Amino acid sequence: MPIFLEDTLSDESKEISYHLPRIDSDGRVTEVKKTLKVKIPAGVADGERIRLKGQGGLSVGEGASGDLYIRIRLVPHPLFDVEGHNLIITLPIAPWEAALGVKVILPTLSGKIQLTIPTNSQSGQRLRVKGKGLPSKQTQGDLYAVLKVVMPPSSNEAIKDQWQKLAELAPFEPRAEWSEAS
């Protein structure tokens, strides 16, 4: 059963339909469509199974019906990746936002929050937002914002001059450790 990440935040009921084989009075096997409302518990995880007792196929003889198992599959989300009960979001920031720090509005599954990007942040740095991930049976996961420094789409001569001044003002060799390694 495909489940959206937002559906894992609270107990939701989903309607499912499935077909079961039945033997009619003439001994022929037919299919009967069955529809149920299934309560999806908050904190359900990808791959988890939900057991619906007595909702499966008939047993041999006069025995009770078997159980139906539903396997949960989390639908990929356009913004978030899932690591256990933690959520990961890639947060694009401009070079000057990484250098100077900034407050940004960050989406979560339960709404938007304000996140402070510290000064001198690095691309790839992970910022933790406690309790904004997926629920589990015991606790709440966290949200990790992974910073991605992105350049503006185009620049003119004035902007290039500013970058050149910055390069001269703040000499920095990002690959200095490479020369030490060889």
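**A first look at this predicted model**

1. Please keep in mind that the model is predicted. Helix 1 (95-100) and helix 2 (157-169) are the elements that each give two or more residues to the lining of this pocket.

2. The lining itself is made up of 13 residues. If you want to find the centre of the pocket on screen, look for Pro95, Ala99, Trp163, Leu166 and Phe172, the lining residues that lie nearest to it.

3. Next comes the largest nonpolar core, with 33 residues. Ile16, Leu52, Leu91, Leu106, Leu115 and Ile117 have the most contacts inside this core. Strand 8 (residues 86-93) gives the largest share of the core, four residues. As background, nonpolar side chains tend to be buried together in soluble globular proteins.

4. Which residues does isoleucine 117 touch, leaving aside those up to four places away in sequence? The partners are Leu91, Ile93, Glu97, Gly101, Val102, Val104, Leu127 and Leu147.

5. One of those partners, valine 104, deserves a visit of its own. Valine 104 sits in strand 9 (residues 102-108) and has a relative accessible area of 14%, so it counts as buried, the cut-off being under 20%. Not counting residues up to four places away in sequence, valine 104 touches Leu91, Ile113, Gln114, Leu115 and Ile117. By contrast, lysine 14 is 90 residues from valine 104 along the chain, and their C-alpha atoms are separated by 35 Å.

6. Is histidine 77 buried or exposed? Histidine 77 is buried, with a relative accessible area of 18%, although its place is in the loop between strand 6 (73-74) and strand 7 (80-83). Leaving out residues up to four places away in sequence, histidine 77 touches Leu5, Glu6 and Leu109. With glutamate 6 there is also a side-chain to side-chain polar contact of 3.0 Å.

7. Finally, have a look at asparagine 120, in the loop between strand 10 (111-117) and strand 11 (126-129). Asparagine 120 has a relative accessible area of 59%, so it is exposed, the cut-off being over 50%. Its backbone is worth checking too: asparagine 120 is not a glycine, yet has a positive phi of about 60°.

Conventions. Residues are numbered from 1 along each chain as its sequence is written. This is a predicted model: local features need pLDDT of at least 70, side-chain atom pairs count only at pLDDT 80 or more; totals for chains, interfaces and linings use all residues. Side-chain values use heavy atoms; hydrogens and water are left out. On a 1 Å grid over the protein atoms alone, a cavity is a set of points where a 1.4 Å probe fits but cannot get out, and a pocket is an open set with protein on both sides within 12 Å along at least five of seven lines; lining residues have an atom within 4 Å of a point. A nonpolar core is a set of buried Ala, Val, Leu, Ile, Met, Phe, Trp, Tyr and Cys residues joined through side-chain atoms within 4.5 Å. Buried means under 20% relative accessible area, exposed over 50%, partly exposed in between (1.4 Å probe, protein chains only). Contact means heavy atoms within 4.5 Å. A polar contact is a pair of N or O atoms within 3.5 Å; within protein, one must be able to donate a hydrogen and the other to accept it, and residues adjacent in sequence count only if both atoms are side-chain atoms.
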